[in-house]
Amino acid sequence: MDDLNASFKITMSQNQMFWERTEEGQNMKVTLVRSSKLPETYGDRILGLWNLESVTGNGNYFEETEKKKTNAYIFFRWDKRFVIQSEKGRINGVYNVHGHKPEVELIPFGDQVKRDFWEIQFEENQITLKLLNSDSTITRQFRRIHKFPD
């Protein structure tokens, strides 16, 4: 549909932008305020290194026997790649975070593990991943760390 109104006249001050025009005989003014902080996405929040803390159910990537291990982790890199280190070895792949829901799709390289979808539950310095494409309850809980385990 075509916009039959005149173009907006745009003016700016240091922290505001004003859009003005007349629509159907009425003066319209839209005021935009400069944001001091960009909104954070689920993809921003999941970035980083996460140490495995607890496991419920067997499945891809981590087994229930790893509950006591301290060197299993998942690393969500800035370039949309992930690295998992567990008793199954090292698994690399790419990930996609849903744009509107707290969900992540893990797409591993190779044939040893299939792609799957996880719901993300965020808490301060902690995430819980719950497998979505499964009939049984499979969860993985991680705590943020800032150094790779030995």
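This is a short walk through one structure, from its sheets to its core and then to some of its side-chain pairs.

Please keep in mind throughout that what we are looking at is a predicted model.

If we look at one pairing in detail, β1 and β2, the latter made of residues 16-23, are joined in the antiparallel sense over four bridges, and Thr-11 has Phe-18 in β2 as its bridge partner.

The other sheet I want to show is a closed barrel of eight strands, which runs β4-β5-β6-β7-β8-β9-β10-β11, again with antiparallel pairing. Here neighbouring strands are turned against each other by 30° on average, if direction is ignored.

Which residues have the most contacts inside the largest nonpolar core? That core has 24 residues, and the ones with the most contacts inside it are Tyr-61, Phe-76, Val-104, Leu-106 and Ile-127. The elements giving two or more residues to this core are β4, β5, β6, β7, β8, β9 and β10. Taking Phe-76 as our guide, and leaving aside its neighbours within four places in sequence, we find it in contact with residues that include Trp-50, Phe-82, Tyr-95, Val-104, Leu-106 and Ile-127.

Apart from neighbours within four places in sequence, the contacts of Thr-139 are Ser-54, Val-55, Thr-56, Thr-128, Leu-129 and Lys-130. Phe-117, by contrast, lies in strand β9 and is partly exposed, at 35% relative accessibility. Again setting aside neighbours within four places, Phe-117 is in contact with several residues, among them Val-104, Glu-105 and Lys-130, while the C-alpha atoms of Phe-117 and Asn-96, which are 21 residues apart along the chain, are separated by 9.3 Å.

Now to the charged side chains, where the count comes to seven salt bridges. One of them joins Glu-23 and Arg-21, at 2.8 Å from N to O; Glu-23 is partly exposed at 23%, whereas Arg-21 is buried at 13%. Both of these residues also belong to a network of salt bridges that links Asp-3, Arg-21 and Glu-23. In another, the side chains of Arg-143 and Glu-53 meet at 3.1 Å, N to O, and this pair links distant parts of the chain, since Arg-143 is in strand β11 and Glu-53 in strand β4, 90 residues apart. Arg-143 is partly exposed, with a relative accessible area of 32%, and Glu-53 is partly exposed as well, at 34%.

Finally, the aromatic rings, of which a search of the whole structure finds five pairs. Tyr-42 and Phe-122 form a stacked pair, with 6.0 Å centre to centre and 10° between the planes. Tyr-42 lies in helix α1, residues 42-46, and Phe-122 in strand β9, so the pair ties together parts that are 80 residues apart in sequence. Of these two, Tyr-42 is partly exposed at 28% and Phe-122 is buried at 19%.

How are the rings of Tyr-73 and Phe-148 arranged, stacked or edge-to-face? Their centres are 5.4 Å apart and their planes stand at 70°, so the pair is edge-to-face. Since Tyr-73 lies in strand β5 and Phe-148 in the segment after β11, this pair ties together parts that are 75 residues apart in sequence. Tyr-73 is buried, at 7% relative accessibility, whereas Phe-148 is partly exposed at 40%, and together with Phe-75 these two residues form one aromatic cluster.

Terms used: Residues are numbered from 1 along each chain as its sequence is written. Side-chain values use heavy atoms; hydrogens and water are left out. Two strands pair if DSSP finds at least two bridges between them. Axes are lines fitted to C-alpha atoms, for helices over the stretch in contact, and angles run from 0 to 180 degrees between N-to-C directions. A nonpolar core is a set of buried Ala, Val, Leu, Ile, Met, Phe, Trp, Tyr and Cys residues joined through side-chain atoms within 4.5 Å. Buried means under 20% relative accessible area, exposed over 50%, partly exposed in between (1.4 Å probe, protein chains only). Contact means heavy atoms within 4.5 Å. A salt bridge is a side-chain nitrogen of Lys or Arg within 4 Å of a carboxyl oxygen of Asp or Glu. Rings of Phe, Tyr and Trp (its six-membered ring) pair if their centres lie within 6.5 Å; planes under 30 degrees apart count as stacked, over 60 as edge-to-face and the rest as tilted.
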